[in-house]
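Colleague: Hi! I'm new to this one, could you walk me through it?
Modeller: Happy to, let me bring it up.

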Amino acid sequence: DNGMDEEEAILIVELKGLPNPDLIHKCTNVSILGVDTPEPILQLDSNVFRGAYEDIPGTCMIFARNGGEQLSYLCKTSKKLSMTKVILQEKSQSQDVGSKN
């Protein structure tokens with residue numbers, strides 16, 4: 001135990017702008033920053049997404065497979081994290097100079 005508590009969370013994430021949805025299974029670098037903020041950032045290898053939480057019409061139920069055909073209920077939600085692909089650009093020197101006060 002390193003003194004840090006870990007909390008498990010299940011998110012419904014909608015990705016917009018992913019060139020090939022099959023790439024998700026091949027990703028080796030997956031990270032999410034600011035999951036508790038209004039605009040989390042998700043990185044899937046070289047693809048970066050920015051998102052926001054939205055209400056879902058109705059309720060989504062989440063199930064887990066217990067082997068074979070058996071499913072067990074895990075949780076429900078009325079929110080999803082809707083994420084859109086963003087293109088990262090390097091800051092120009094003029095932006096750097098203008099932001100220094």
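**Strands and hairpins**

Modeller: Strand S4 and strand S5 (residues 71-86) pair in the antiparallel sense over 14 bridges. A strand here is a DSSP run of E with at least two residues, numbered from the N terminus, and two strands pair if DSSP finds at least two bridges between them.

Colleague: Before we go on, what kind of model is this?
Modeller: This is a predicted model, where local features need pLDDT of at least 70 and side-chain atom pairs count only at pLDDT 80 or more, while totals for chains, interfaces and linings use all residues. Residues are numbered from 1 along each chain as its sequence is written, and side-chain values use heavy atoms, with hydrogens and water left out.

Colleague: Thanks! Which residue stands opposite Tyr-73 in S5?
Modeller: That is Phe-63.

Colleague: And how many residues lie between S4 and S5 in their hairpin?
Modeller: There are 5 residues between them, and Gly-67 in the turn has a positive phi of about 95 degrees.

Colleague: What about S3 and S4, how many bridges join them?
Modeller: S3 and S4 run antiparallel and are joined by 4 bridges. Gln-43 stands opposite Val-48 in S4. Their hairpin has 2 residues between the strands.

Colleague: Where is Asp-45 found?
Modeller: Asp-45 is in the loop between strand S3 (41-44) and strand S4 (47-65). Its phi is positive, near 55 degrees, in a residue other than glycine.

Colleague: Is Asp-45 buried, exposed or partly exposed?
Modeller: Asp-45 counts as partly exposed because its relative accessibility is 27%. Buried means under 20% relative accessible area, exposed means over 50%, and partly exposed is in between (1.4 Å probe, protein chains only).

Colleague: Zooming out, in what order do the strands form the sheet?
Modeller: The 5 strands form an open sheet in the order S1-S5-S4-S3-S2, with mixed pairing. Strand S1 (13-16) and strand S2 (30-33) stand at the edges with a single partner strand each, so one side of each is left without a neighbour in the sheet.

Colleague: How many bridges does S2 share with S3?
Modeller: S2 and S3 run antiparallel, with 4 bridges joining them. Leu-33 has Ile-41 in S3 as its bridge partner.

Colleague: New topic: where is Ile-32, and is it buried or partly exposed?
Modeller: Ile-32 has its place in strand S2. Ile-32 counts as partly exposed because its relative accessibility is 36%.
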